[in-house]
Amino acid sequence: MLQDVLGKDQPRVPIFAFYICVVVMLCYHATSYHLLDSEMIEDRYLVDQYTVTFAEAQYSVTDEEFAQDNSIYIEYEADSSFFTSHTGFGYLLVTVSYDETSGIPLDQCDSVSVNIPPTGANADWQNEKNTLSGASDDCSNIDLIVYVYPEYTGEEYTEGNFDAEEITVPWTEKSHGEGTFTIEIDVSSSSPAPPPSPQDNGEEVTVTWTAVFFDVDATLQPLG
Amino acid sequence: MAGDPSSLRLIGAILLISIGAMCLFFVKKNDKLEWNERLAAHLLCWTFIIKGLGNIAGNYTIQYYEAGNQGPESPFWLFFATILTCDYAWEMALMALACVYPVPIFRSLKNLKIAYGFIVGLTAVRYLMMILGSPLHTLVDLFGFYYLFCGLIWGTVYFKFRYMDDFRAKESSTNIANVAALLFIFIGGHILFNWAGFIFRSDYFLYIEMMSNLSGPRADYWWQALNVFLITTGLCILVAEIQQALRGNSSPILYIISVYFVLGLIGYAVLDGSGAPALWWRTGGSSLEATWITLTNSMHFTMIRPIIGVYILLRYGLFETSEEMKPKAKRMVIILIVITSSALLELLQAILPINEMFTAVFLGILVALGIGWEEKSFESLMNASKQMRKGLDARWFPEFPFPKSIYAQLDRMMAALILFILLVSFLIWQTETMYDWAATPKDWW
């Protein structure tokens, strides 16, 4: 075959010109890659260190319900605009507060127990730091927390990578936090004396939902 | 689906698979082919199917990557392994194709067997290395070697026959040169877009890596050198075509390759200084660079490759063209037109804020025009000169006594290879081989 292609019976100049061009261009590239632009290319392989920070924004909503001697359910869904204006939904703080409001002399605080069932919304329900239930019988607040974005703590950390985008992209999943959170509230009211004296028939319970959204930022650390 | 480039990637992949399967049907019916044409037609069809499968895997790999889902158990590694295993088979089929088409480059069956033995052996080594946990070890498996192998063969064949002085063989030599150039564009067209970046030493070329952060400096150098080889071959073909056109001997290759080089020059203005490599998978963003890459590199992968492939099959007589088969072949061309038109509009919708109603109307017009065009152009394609042997010395086309059953065996082997690819990819995913490999530093290769 080589004899046919490079034989003297036909013009050989174009083929040899093609081969020479290939060799010249490969030499040109080798010079560029190993000498002229080597620094620029080598920098490409240096793993940059990025400081990853989270700027948090809190949005609170308050619900008030009168709870008698039974369970009540209050629902919360984060506004869809928060998802578009922030990188992700970090965690949800829930504060349940109540006071003795019966006005009956000597009436003590009722017992209130709350529970957030791990259903409805898309959250990190298995996170060990979650506090999904609580109780109070002295009118103190009950504080709960639901971690929404997996592995989110809000704390700054350092990561080595070639590209800032590769660090931030995993924090941009919008499905975390979508759906409806529900809190179940049980009130067990107690009266200072049996009937016919006035009876305490329930409490006004206030639930404050604080959704903590975050914006992630990866800043390149200066070379040491 | 607007704004979602994954739909474009999927449409392109499905297009490749469906065209490959349909073409295989027509090729098998064609009894008039010479041994090398028949072998080439079968191999070309299988390259469509294999690359289509690889592109589907590529699409999901990108999706999992973009979602940050790359844990050891993530299907990311299944799809990533499938890309590589498909690429090995794709390279093997194309190297086998280059050995026999448009002209057989070996003069004896023994030499052809040795060449095929080398190709199959190289592919076996690649699969073995992948299973053993060391894919992309360029010093041994020479990933991307087919660019050099096929480019050198098709480049040489192109220059030999484009400059052949024999008047009696003009028709055949022009057809051979055109097929060689088209096959070259088929495999390396997306790389030609980066020519200006190479010549002017721009970052978007010099940052090109074989496999993103998973390949080391030596692998990346090898990969860039292959790119340089393809760009140089393309430039030489362009110069040759201009020279021939000035002599009054122009061919369609001049217009086709010019488009790649003109777009490459415009691309330099868009991509220079972007600080990122111009790679086909960097699509989907809203930036001008991402849009440009979608319209050029990605377009070549999804749209141009199947069009060039079908053009070669139709134009150069690898199809059965009897009156009985013509309606079926026309139907296939119509399917190609409809899918291509819808994919093109999907692409435009993904990057431009066009109303979906408008694109639906536009699709209707495009399909109507396309089918109208198909009637006319199909006939001209069928009636165009398919001569590749007339007037040429018989030494260019040695006769090898291949039994007809060998082509059916080839089809069965390729189908089995696809099953093997899927099995190997699945095993690699389950054993976390790729994940462990990716976590290993690769500074030394």
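**Exercise 1.** Determine whether the end-to-end distance of helix α3 of chain B agrees with its number of residues, and state how many of its residues are buried.

*Solution.* In this predicted model, helix α3 of chain B runs over residues 76–100, which makes 25 residues. The expected span is 1.5 Å times one less than the number of residues, so that a span of 36 Å should result for this helix. The end C-alpha atoms are 37 Å apart, which agrees with that expectation. As for burial, the cut-off is 20 or more other C-beta atoms within 10 Å, and 25 of the 25 residues of α3(B) are buried, so described as mostly covered.

**Exercise 2.** Describe the overall build of chain B, and decide how its radius of gyration stands against the globule rule.

*Solution.* Begin with the secondary structure, which comes to 16 helices and 0 strands in chain B. The radius of gyration is 22 Å, close to the 22 Å that the globule rule gives for 445 residues, and chain B is therefore as compact as a globular protein of that length. Along its principal axes, the C-alpha trace of chain B spans about 60 × 55 × 45 Å. Buried residues make up 47% of the chain, and of the contacts with a separation of 6 or more, 78% are between residues 24 or more positions apart.

**Exercise 3.** Identify the residues with the most contacts inside the largest nonpolar core, and find the element that gives the most to this core.

*Solution.* The largest nonpolar core has 131 residues, and those with the most contacts inside it are B:Ala93, B:Met95, B:Leu97, B:Cys150, B:Tyr158 and B:Ala180. The element that gives the most to this core is α3(B), with 21 residues. Leaving aside residues up to four places away in sequence, B:Met95 touches B:Ile119, B:Tyr146, B:Phe149 and B:Cys150. Another core lies apart from it and has 31 residues, among them A:Tyr91, A:Ala123, A:Val146 and A:Val148.

Methods
Residues are numbered from 1 along each chain as its sequence is written. Chains are lettered from A and ligands numbered from 1 in the order in which they are written. This is a predicted model: local features need pLDDT of at least 70, side-chain atom pairs count only at pLDDT 80 or more; totals for chains, interfaces and linings use all residues. Helices (H or I, at least four residues) and strands (E, at least two) are DSSP runs, numbered from the N terminus. A residue is buried if 20 or more other C-beta atoms lie within 10 Å of its own, exposed if 12 or fewer, and partly exposed in between; C-beta atoms are placed from the backbone. The radius of gyration is taken over C-alpha atoms; the globule rule is 2.2 Å times the number of residues to the power 0.38. Two residues are in contact if their C-beta atoms, placed from the backbone, lie within 7 Å. A nonpolar core is a set of buried Ala, Val, Leu, Ile, Met, Phe, Trp, Tyr and Cys residues joined through C-beta atoms within 7 Å.
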